[in-house]
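Me: Please go through this model with me, one question at a time.

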Amino acid sequence: MWGGRTWTLSRLWGLWPTGVLGRRPLSCNAASLKGNSSPQCWNCGGPGDLIRGDGFFCPQCRALQPPDPTRDHFSLMDCNRSFRVDTTKLQHRYQQLQRLIHPDFFSQRSQREKDFSEKHSTLVNDAYKTLLAPLSRGLYLLKLHGVEIPEGTDYEMDRQFLMEIMDINEKLAEAQNEAAMKEIESSVRAKQKELTDSVSRAFEQDDFEKAKEILTKMRYFSNIEEKIKLKKIPL
């Protein structure tokens, strides 16, 4: 079963299942580590500074290494630590990494490498989903700067904004046809686009408090978008 599945995935991605050992190192923007504190290869004992060459495999024995706990999502996905992200390049990086460390390619390897592959794959999936959407990307970037927005916080939203959200929710609750739903959806999408542009400027100016305020508003509109999706699902 594993052999057939691996062969199919390898054929789809242009790789052979036995090609793990022959894969070329993948360049990464891994953070440089000072001193001799880098871990050695668990399999052959190779020096840690060489392991950091591609961040995934030991260059000497090609054994898959454990995930680097110092790497953030931007580094892992080969992106600059910025709100502006090229989503096309992000998607290509995601596909590239999955071809490299997907668990299906390690079905015949050691149990330790299987476990590492699962962890790597989970981290890559999480990083991709986080950086793909403007809201989650912005919240993550804020977190890297030591600023977090607790779930459920209103962040002292002004009354006018809260009234606007209440009005949209009322319209959504009363919407009885597709035309009304599309009108609300279009309005919310436009609001999110406007807020996304604003938070991008805030990050460029290192105005994290402003970014926090805008992202809180984006979270409100994101909740409305979820309600729209649910209402579209036929009962």
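Reply: C41 is buried, at a relative accessible area of 5% (buried means under 20%, exposed over 50%, partly exposed in between, with a 1.4 Å probe and protein chains only). The model is predicted: local features need pLDDT of at least 70, side-chain atom pairs count only at pLDDT 80 or more, and totals for chains, interfaces and linings use all residues. Residues are numbered from 1 along each chain as its sequence is written, and side-chain values use heavy atoms, with hydrogens and water left out.

Me: How many disulfides does the structure hold?
Reply: A disulfide is a pair of cysteine sulfur atoms within 2.5 Å. The sulfur of C58 is too far for a bond, because the closest cysteine sulfur, in C44, is 3.6 Å away. The number of disulfides in the structure is 0. For C41, which is in no disulfide, the nearest cysteine sulfur is 3.7 Å away, in C61. The disulfide count is therefore 0.

Me: Is C58 buried or exposed?
Reply: The cut-off for buried is under 20% relative accessible area. C58 has 1% relative accessibility, so the residue counts as buried.

Me: Which residues does A202 contact, leaving aside neighbours within four places in sequence?
Reply: A202 is in helix 8, residues 178-204 (helices are DSSP runs of H or I, at least four residues, numbered from the N terminus). A202 is buried, with a relative accessible area of 3%. Contact means heavy atoms within 4.5 Å, and beyond those neighbours A202 has contacts with D207, K210, A211 and I214.

Notes
Helix = DSSP H or I, 4+ residues; strand = E, 2+ residues; numbered from the N terminus.
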